[in-house]
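Me: I would like to learn how to read a few features of a protein model. Could we take them one at a time, starting with a pocket?

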Amino acid sequence: MNGYVLEKALAAAIGDACFIPYLQVHEFEALVLSDPGRLATIHDLRPGALESLINDCRHYGSPEEINHGRRSHPKYCIQTTVPDYKEDIAGPLLAESIGLAVLGASCPHFGEWLTRLEQLEAGVLDPLP
């Protein structure tokens with residue numbers, strides 16, 4: 001069952017327009033890969049490592065699509081480039097520095113959720129997609 005189906009089921013079960021479910025596609029690190037260059041702002045990288053990661057990410061339509069097995073999921077891709085990457089420390093710092101606008105534009109599923117939250121804040125809610 002994919003995330004969209006689960007999100008719709010959760011929304012239907014809760015039955016409140018203010019509840020806007022979001023299930024992260026694959027891993028949080030997909031968001032970090034919205035701008036892999038940011039890794040160099042908090043980590044020392046070996047020569048060519050960042051360029052290799054950026055090129056690897058270009059093979060996918062969006063960072064949310066990076067996950068085709070044990071050696072291609074987002075966290076693995078990052079840890080291959082940055083062996084000392086600590087998701088609980090670096091992940092939030094990187095996501096914050098990347099910013100919601102880039103995260104939403106690079107990750108369509110995440111972007112749709114952000115739009116719904118913004119609509120909630122503005123008092124404009126459309127029916128669930």
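Reply: Start with the residue classes: Ala, Val, Leu, Ile, Met, Phe, Trp, Tyr, Cys and Pro count as nonpolar, Asp, Glu, Lys and Arg as charged, and the others, Gly among them, as polar. Keep in mind that this is a predicted model.

Me: By class, what does the lining of the second largest pocket have?

Reply: That lining is made up of 6 nonpolar, 4 polar and 3 charged residues. The volume of the second largest pocket is about 180 Å³. It is lined by 13 residues, and those closest to the pocket centre are Leu53, Asp56, Cys77, Thr80 and Thr81.

Me: Next, aromatic pairs. How many are there?

Reply: Ring pairs are judged by the distance between centres and the angle between planes, with over 60 degrees counting as edge-to-face. The count here is 3 aromatic pairs. One of them joins Tyr22 and Phe110, with 5.6 Å centre to centre and 70° between the planes, so this pair is edge-to-face.

Me: Which parts does the pair of Tyr22 and Phe110 tie together?

Reply: Tyr22 sits in the loop between helix 1 (3-14) and helix 2 (29-32), while Phe110 belongs to helix 8 (residues 108-122), so the pair links parts 88 residues apart in sequence.

Me: Are Tyr22 and Phe110 buried or exposed?

Reply: The cut-off for buried is under 20% relative accessible area. Tyr22 has 19% and is buried; Phe110, with 7%, is buried too.

Me: What kind of aromatic pair do Phe110 and Trp113 form?

Reply: A tilted one, at 5.8 Å centre to centre and 45° between the planes. Both residues lie in helix 8, 3 residues apart, which is about one turn of the helix. Trp113 has 22% relative accessibility and therefore counts as partly exposed. Through ring pairs, Tyr22, Phe110 and Trp113 are linked into a cluster.

Me: Last, a single residue and its surroundings. Where does His109 lie?

Reply: His109 is in helix 8. At 5% relative accessible area, His109 is buried.

Me: Which residues does His109 touch, not counting residues up to four places away in sequence?

Reply: With that exclusion, His109 touches Tyr4, Glu7, Tyr22, Leu23, Val25 and Glu64. Tyr22 is also a member of the ring cluster. The side chains of His109 and Glu7 are joined by a polar contact of 2.8 Å.

Definitions and conventions: Residues numbered from 1 in each chain as written. Predicted model: local features only at pLDDT ≥ 70, side-chain atom pairs only at ≥ 80, totals over all residues. Heavy atoms only, no water. Phe/Tyr/Trp six-rings, centres within 6.5 Å; stacked < 30°, edge-to-face > 60°. Helix = DSSP H or I, 4+ residues; strand = E, 2+ residues; numbered from the N terminus. Buried < 20%, exposed > 50% of the residue type's maximum accessible area, 1.4 Å probe, protein only. 1 Å grid on protein atoms, 1.4 Å probe; cavity = no way out; pocket = protein on both sides within 12 Å on 5 of 7 lines; lining within 4 Å. Points joined across faces, edges and corners; volume = space filled by probe spheres on them. Polar contact = N/O pair within 3.5 Å; in protein donor to acceptor, adjacent residues only side chain to side chain. Contact = heavy atoms within 4.5 Å.
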